[in-house]
Amino acid sequence: MVMELIKWLSVADRYTKMQLDRRFSPFGLNSSQHMYIITICQNPGMTQEQFYHMFYLNPSNITRSLNTLIKTGFITKEPNSQDRRTYVLYPTPKARHVYNALIQTIQETENFLLDGIPEEDRSAFVKILKQTALRAVSANEKETNSDQKKGISPDE
């Protein structure tokens, strides 16, 4: 049982990303970009910081991904009228054009991954996986905060 959870989470993550990369390639996207487009299409005018609280990503990774999507014409970034220090994000017609295909691909991929698992077990599986992920996020944030108090850089 040792390492089984980590091993299979890693395998599922890698191979799912490879499949999504192939499926999103015709749109000029990869597996790490679809969630930005979907989320911004569903929440036009959201701030960049809201992504951190939704997806638990490093702010520099969020900035890099959003800048790529701006350059490729999927989203726009405008100054926030309520807080000039922040920006709000909007989908472009290009993003709206691929939105339904992205949603369909995600649904098909989730259905494929959960195929053979009874419907009632699917909900329990996702709930347990979410609890596990949030536990990992919490532990990492505690360690990062502890390291910062000690003066240890995250890059060390």
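These notebook entries record what I looked up in the structure above.

**Entry 1: Basis**

I am working with a predicted model, in which local features need pLDDT of at least 70, side-chain atom pairs count only at pLDDT 80 or more, and totals for chains, interfaces and linings use all residues. I number residues from 1 along each chain as its sequence is written, and side-chain values use heavy atoms, with hydrogens and water left out.

**Entry 2: Overall fold**

I looked up the secondary structure and found six helices and three strands. Helices (H or I, at least four residues) and strands (E, at least two) are DSSP runs, numbered from the N terminus. Along the sequence I read the pattern α-α-β-α-α-β-β-α-α. The C-alpha atoms fill a box of roughly 50 × 45 × 25 Å along the principal axes.

I noted an accessible surface of about 11100 Å² for the chain, with 55% of it belonging to carbon and sulfur atoms. Accessible areas come from the Shrake-Rupley method with a 1.4 Å probe, and for residues only the protein chains shown count as cover. Of the 156 residues in the chain, 24% are buried. Buried means under 20% relative accessible area, exposed over 50%, and partly exposed in between (1.4 Å probe, protein chains only).

I then turned to contacts (heavy atoms within 4.5 Å). Among those with a separation of 6 or more, residues 24 or more positions apart account for 51%.

I list the buried ones as His34, Met35, Tyr36, Ile37, Ile38, Thr39, Ile40 and Cys41.

Serine 31 sits in the loop between α1 and α2. I find serine 31 buried, at 13% relative accessible area. Leaving aside residues up to four places away in sequence, serine 31 touches Lys17, Leu20, Asp21 and Phe24.

**Entry 3: The largest pocket**

I looked up the largest pocket, which holds about 2000 Å³ of space. Of its 36 lining residues, the closest to the centre are Asp13, Thr16, Glu110, Leu129 and Ala133. The elements that give two or more residues to this lining are α1, α2 (34–42), α3, α5 (93–114) and α6. Helix α6 gives the most, with 11 residues.

For the terms, on a 1 Å grid over the protein atoms alone, a cavity is a set of points where a 1.4 Å probe fits but cannot get out, and a pocket is an open set with protein on both sides within 12 Å along at least five of seven lines; lining residues have an atom within 4 Å of a point. Grid points are joined across faces, edges and corners, and a volume is the space filled by probe spheres set on the points.

**Entry 4: A nonpolar patch**

I found a nonpolar surface patch of about 550 Å², made by Leu5, Ile6, Leu9, Phe125, Val126 and Leu129. The elements that give two or more residues to the patch are α1 (4–24) and α6 (119–150). Patches are made of residues with over 30% relative accessible area and no salt bridge: like charges are joined within 9 Å, nonpolar side chains (Val, Leu, Ile, Met, Phe, Trp, Tyr) within 5 Å.

Leucine 129 counts as partly exposed, at 36% relative accessibility. From leucine 129 to leucine 9 I read 120 residues in sequence and 9.7 Å in space, C-alpha to C-alpha.

**Entry 5: Salt bridges**

I counted four salt bridges, each being a side-chain nitrogen of Lys or Arg within 4 Å of a carboxyl oxygen of Asp or Glu. Arginine 23 and glutamate 108 meet in one of them (2.3 Å, N to O). Arginine 23 lies in α1 and glutamate 108 in α5, so the pair ties together parts that are 85 residues apart in sequence. Arginine 23 is partly exposed at 30%, and glutamate 108 is partly exposed at 34%.

Aspartate 83 also pairs with arginine 85 (3.0 Å, N to O). Aspartate 83 is partly exposed at 21%, whereas arginine 85 is exposed at 72%.

Glutamate 119 forms a salt bridge with arginine 122, with the closest N and O atoms 4.0 Å apart. These two are three residues apart in α6, so about one helical turn separates them. Glutamate 119 is exposed at 55%, while arginine 122 is buried at 16%.
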